[in-house]
Amino acid sequence: MRKHTTFRVGGPADFFVSVKDRETLLHIISYLKEQKIPYFLLGNGSNLLVSDHGYRGVILQLTEDLAQITFDGECVRAGAGVQLMRLAAQAAERSLTGLEFASGIPGTLGGAIVMNAGAYGGEMVQVVESVDILYPGEGIVTVSNADMHFGYRHSILKEKEGVVLSVSLRLQFGEKDTIIDKIAELKEQRRAKQPLEYASAGSTFKRPEGAFAGKLISDAGLKGYAIGDACVSEKHAGFVVNKGNAAADEIYRLIRDVQDKVQQASGYLLEPEVIMLGDFETEKN
Ligand SMILES: Cc1cc2nc3c(=O)[nH]c(=O)nc-3n(C[C@H](O)[C@H](O)[C@H](O)COP(=O)(O)OP(=O)(O)OC[C@H]3O[C@@H](n4cnc5c(N)ncnc54)[C@H](O)[C@@H]3O)c2cc1C
């Protein structure tokens, strides 16, 4: 799984399946449910820490028909497998504004819906009209924005198991040059503030009520704190980075250590934003 995550860590999955259309996905999921075989929906693996033991089950990734974009005026319909950066770039090409904030988020549209991904004052909730979700055993439901239960890094998919199939978005026509300049400006801000030279999963922790994770970590004296090649970034303490050959276990232990030390120093218990997949408690042989 190291090839499929931006942390560049993780052992093998039992099976890895690229699914190319809705019909095939419906068949596969009903089969896996029937056989009680665990499965996991992978986007771009940019918010994911997979164990060194890998994953005992089937990884599903959405491609081809499930990663198409259709523009119709200010309405956009896109498959969950689309890369958010590609979607933002194509919208900008058509002078559509609204997705500039997402232009530097290295995930898929599906992953961004699940997390209500956001940056620089923008969030998916602001541009989504409705989402087609496959609820295993129930079928496909079109869920309106209001019923998506969007919140800070939250959506209904955190409450109820489902697969994002496609999304209808509403953008607005604007000035193409202004949109492109905004994307360039945000890119520069990311480059200046974030350790993009190292593998990571972006911000490791959620922003706690009334504080900033990066500041709490930095105030606890943890900038540069490392276990093996897993390290709290010197550039942005909110990022745990893989400086080269970190094991998932080292990243996991570092995350737990940071939580403990920050809680001792400030009283805040940081909650990981990064999703953990697989077994982290069993020792490696
Ligand atoms: C350098 C860097 C910068 C980042 N900056 C930001 C930022 O500014 N803002 C931000 O919000 N995030 C940021 N992230 C984190 C990450 O890119 C986002 O959370 C992104 O939305 C995750 O999408 P993904 O496709 O990679 O999802 P994954 O990491 O593959 O999966 C995340 C979760 O979504 C689920 N999922 C994925 N696709 C589907 C689907 N189709 N149906 C159901 N469930 C699905 C997975 O099962 C998993 O639970 C950053 C990450 C990196 C590495």
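Which helix supplies the largest share of the shell around the ligand? In this predicted model, local features need pLDDT of at least 70 and side-chain atom pairs count only at pLDDT 80 or more, while totals for chains, interfaces and linings use all residues. Residues are numbered from 1 along each chain as its sequence is written.

The largest share, 5 residues, comes from H3. At least two residues of the shell are supplied by each of strand S2 (39-42), helix H3 (109-115), strand S8 (118-119), strand S12 (163-170) and S14; helices (H or I, at least four residues) and strands (E, at least two) are DSSP runs, numbered from the N terminus. Among the 32 residues around the ligand, those that come nearest are Gly43, Gly107, Gly110, Gly111 and Gly202 (a residue is near a molecule if its C-beta atom, placed from the backbone, lies within 6 Å of it). The ligand lies between domain 1 (68-179) and domain 2 (196-277), because both give residues to its shell; the domain bounds come from an automatic or database domain assignment.

Strand S14 also belongs to an open sheet of 4 strands, ordered S14-S17-S16-S15 with antiparallel pairing (two strands pair if DSSP finds at least two bridges between them). S14 (199-203) and S15 (226-227) stand at the edges with a single partner strand each, so one side of each is left without a neighbour in the sheet. S14 is joined to S17 (residues 239-242) by 3 bridges, and Ser203 stands opposite Phe239 in S17.

Val167 touches Ala78, Ala80, Leu109, Ile113, Val128 and Val131, residues up to four places away in sequence not being counted (contact requires C-beta atoms, placed from the backbone, within 7 Å).

Technical notes:
Two residues are in contact if their C-beta atoms, placed from the backbone, lie within 7 Å.
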